[in-house]
Structures are given as C-alpha cells and as structure tokens.
Amino acid sequence: MKSLNILCVQLGFHDAYPDASTLATTYNDGIYYVASFIQQEYPDARVEMCQMFWGEKPQDFPLASYDYILISALATHFWSNIETLELIRRDSRPGCVVIMGGPHAAFAPYEALRYADYAVIAEGEIPSVQLIKALEAGEPVTDVDNLAYIGADGELTLNKIARYGNIANAINPKFLARAPKLHWATVSMSRGCPFDCSFCYAIRLLGRRFRTKTAEDVRSELDAIHRQTGCNRFYVTDLNFTTRKGYCREIAETFRDRDYKFIAMSRVNHADDMELVLDLKRSGFEEYCLGVESEDPSVLQAFNKRVDPSEQTRRLLRFAENDIAIHSAIIFGLEVQDRRAMEATAYWCAEARIMHPVFVCLAEYPFQGLLYGARQDIEDHRIIMEVPTYQHYSFVGIFPRHMRPSELQRGILDSYGIFFKRAFEIEKRPQRRARLKSYSLSVERGRAGMEQHIRFLEELEKPYYTASGTLKEDLLKADFDSRHGELRTWLERSSKRTDLQFVKGYAR
C-alpha cells in the first residue's frame, strides 16, 4: 500500500469576530483525536496539522502533495473562511479527497459538502479510517459509519450513525510541536451525556451513553501533552464530566500528585456533593463550566432543564464560598426574555457569584427537524444564515418576534456592564476581583465586533419589523422560502432521520 500524505486543518475565527471567552483555547481537540487515530492506524503515513488558531494557513503547506485533507469547523469558522475553503479546493491535487467534520458538518452537511467530498456527522476517528480504507481499496463507501455525501443520483446520502464504546484514543503530542505557549490545553476524558437539554445538540456528535477512558490513560495523555507544550492547565471537553461520581473520585486520586489545573463541564447540582467537589479541588479542579443558562423557571422549562430553579442560587453561592470559579453560558433570545428580563438575569449572575458568565444568543441550525427529527426552539426562517457570526452564540443569529435583532445584540453587550458593575460591588476577595478584571478585559476585546454586528443587524432587519418592533413574519418567511425553498425540497427527498436515539430524545 502506498504511503499516504494527509493534512488536517482547524479553521479559525474571523478577524472581526474573535472568540472573547475566557474558555477560548488555542486548539479544539476533536481534529487532534482524529489525526492521532489515523496516525496510529497508518504509522507510515505523513499526517500534518494546520492550526489556524495559531496563525497557520493552509496555503503555507504543499496542498498539491496531499492525498486527503481533513477539515474541522464550527459554523462561524466555516463561514469566516470561505476563501480558504475555495483555495484548498483550487490548489489541492486532482484526486485529493476533502473530508469535513466537527459540529458544522454534523448539523449542516449540505453546506459542508459545497467544499468537501464527504462530511462526518458524528464521532470521527473510526469513520475517517473506514473511509480512507474504502477509498484506497476502491470499495463503495455505503458501509462507512457517520458519513454524509452527495450520491450518484445527486441526492444527499446519510449513512448509519454509530457510537463506539472504546475511546482509549489519546492526542499524539507531536501534533502540538509547533504550539505557542498555551493558556489551556483541551482533552477529553469521557464522551456522551445522559441529559436532553433542548438547546444542546452535542449528543448528535457524541451520543447519549456516557463512556470513559481509564484514569491511567488520561494521566498518560495529559503528561505527554505537558511534556510537549509545558502547559499544565487543561480544559476537559466532556459534555458532563461529573456524570459518575466514582469515576470523578478515581480521576481525583490519579492526579493528586500532579500540579495540574482543570476546568470541567458539569451541572449545577454538582454542588450538592461538596465532599466530592473539595476532593476534586485538591487535585486541581478549581473551575467548572456549569449548565446554568438562566435563573428564570420559564426559560429553564423551555430548555427542558430538569433542575430546581429555586436551588440554583444557593448552589452557586456554595461554589463561591469554597473558592470554586464558575463559568456559564447565559442564553437570551426566547420570547419571554425582554430587555428588562435580560438585565435582571445579568444582575442575578453577579448576585449568584458566577465568575465568568458568557451572555449568548439562542442559536439554531436550520432544517434540523427536517434532517434528523430534532427539536428546535427557533423556526428555520427566523435563523440568520451564512454569515461569519452564524452559530457564534455571542452574536445574535435570529429574528426575534418582539425585539429587533440589533436590540437583542445591544442587550447582550449591555448585560456585561450590568454584571461587572454589580460583581465588583459584591466581590471583596482579591483573587476573585483579579479574575473579574481579567474577564472584563477579555470581554472588551469582543466589543468592537459586537458593535459591528449591531450595525449589520440594523440594516438586515429594516424590512422585517413594524415601527413598534414586531416581526413581519409572513414577509420574512416568504423571503426565506424564495431563497431556500429548493434546498428544503432537496433535503426532504434526501434525509432519512437515521439516528433513532436522537430523534426519540428530541422529537417534539
């Protein structure tokens, strides 16, 4: 078999719309796990990484020399780099196969396939190897898991969705050899989430069944990354790290002798077992990104969040009292959330001692109900599509019914001012005040982009709202149908809704 040349590309953010979150890392781990698995399966292959987060560009690599080019993207990365995708298509050699993965390929394969031959729509390691083996052997790709492509009949084809039990795969540190000094290194310790919050489509990528690596494998992986990069801070990308308390205790014990620090994703009821919280803290788990989303019971109910709203503040205060820093995405955009509600929520975030709230817009991908039978909170025609801020969360991507998009974006921006003013009044501990100051500077980096987006929205929304600010929904829907009706018809012929587990969890 010939020796393969493979390039893996992580697309980056638009210059005008950087990710200002304190959780913004210098790489996303998904493409690294795929590259590492391919290198393991094809040890003689030349597998290279182009990381646009670090300023690297695909044109700096010998594009005409590769047999396969794998691209990972969020929606905002995709729409911020159309010229780069066109360049890859233009400068790659004839016969080079382009494969796109990541959230955008999973939720909008019809868009990814404008620039890729294949889209991977769930976990990618095993399907990527299956696809390469099939193509190299000249075999059909119909049995490749988690694959989307345009069939010979011109229709979108979605292969069967598969979930995998063994996730012992680790990031090969060689792919981080050119890394700058990392603020955080991202890793995965487990996959899957047993919950079904309506706004979170992560289970389409990683499944509902919770699966873990062994603690020993995790330690070996992190130690190798630390040796390569010097980074000793890790963002654990698990959907819900604390799903199994026994596993958490095992991880805590495994890293007791390391000087590592961690951010992990969890649910707010993690505070109910403060003994476990403190045990993990002794091993470096001093920060969590919690699924809080709102203090409003009606909002939480709309999101299918099965938490007791009356207990949220108490739980958050318990974290603060024990010097645990909490990050959380606070979601705006529902019809019950007017400006007054947004301002009250921002004020509450400070009162509840959340350290790093990220105020975001409710965001959806269009056609999810059509493609996968998925629940959506925003109808297709109210989604602002195909712009660099598409699915960027901090930037408004919908047409609300009773609030202009620009007003919602201004509300998101103003919420930070409300939060920081009250938080600095409350927080007296120097370390927490220093964190707040650092976060306020990070948020300020995104202000120019938000202001630019407000100006964009003001022009976009003009035809679609009455003088009082009510959406002219019939006009908006008619315009959407005129632009995307043929696409919707094509998807209706092509989609199969093959992931029954996903449909069951998210069908209305």
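**Entry 1: ground rules**

Helices (H or I, at least four residues) and strands (E, at least two) are DSSP runs here, numbered from the N terminus. I am working with a predicted model, where local features need pLDDT of at least 70, side-chain atom pairs count only at pLDDT 80 or more, and totals for chains, interfaces and linings use all residues. Residues are numbered from 1 along each chain as its sequence is written, and side-chain values use heavy atoms, with hydrogens and water left out.

**Entry 2: positive phi**

I looked up asparagine 146 in the loop between α6 (125-136) and β6 (147-150). Its phi is near 55 degrees, a positive value in a residue other than glycine. Asparagine 146 is buried (under 20% relative accessible area; exposed is over 50%, partly exposed in between, with a 1.4 Å probe and protein chains only), at a relative accessible area of 0%.

I then turned to aspartate 323, in the loop between α12 (309-321) and β14 (325-332). Aspartate 323 is not a glycine either, yet has a positive phi of about 55 degrees. With a relative accessible area of 38%, aspartate 323 is partly exposed.

**Entry 3: α13 on α15**

I checked how helix α13 (residues 339-351) packs on helix α15 (residues 405-426): the angle is about 30 degrees and the axes are 8 Å apart. Axes are lines fitted to C-alpha atoms, for helices over the stretch in contact, and angles run from 0 to 180 degrees between N-to-C directions. The two helices are therefore roughly parallel (under 35 degrees; over 145 is roughly antiparallel, 65 to 115 roughly perpendicular, the rest oblique). Among the α15 residues that α13 meets are Ile412, Ile418 and Phe419, where contact means heavy atoms within 4.5 Å.

**Entry 4: α15 on α16**

Next I followed α15 to helix α16 (residues 430-445), where the angle is about 165 degrees and the axes are 11 Å apart. That makes this pair roughly antiparallel. On the α15 side, the contact is made by Tyr416, Phe419, Phe420, Ala423 and Phe424. The α16 side includes Leu436, Tyr439 and Val443.

**Entry 5: rings**

I found 25 aromatic pairs in the structure; rings of Phe, Tyr and Trp (its six-membered ring) pair if their centres lie within 6.5 Å, with planes under 30 degrees apart stacked, over 60 edge-to-face and the rest tilted. Phenylalanine 419 and phenylalanine 420 have ring centres 5.1 Å apart and planes at 65 degrees, so the pair is edge-to-face. Both of these phenylalanines are buried. Ring pairs also link Phe332, Phe359, Tyr416, Phe419, Phe420, Phe424 and Tyr439 into a cluster.
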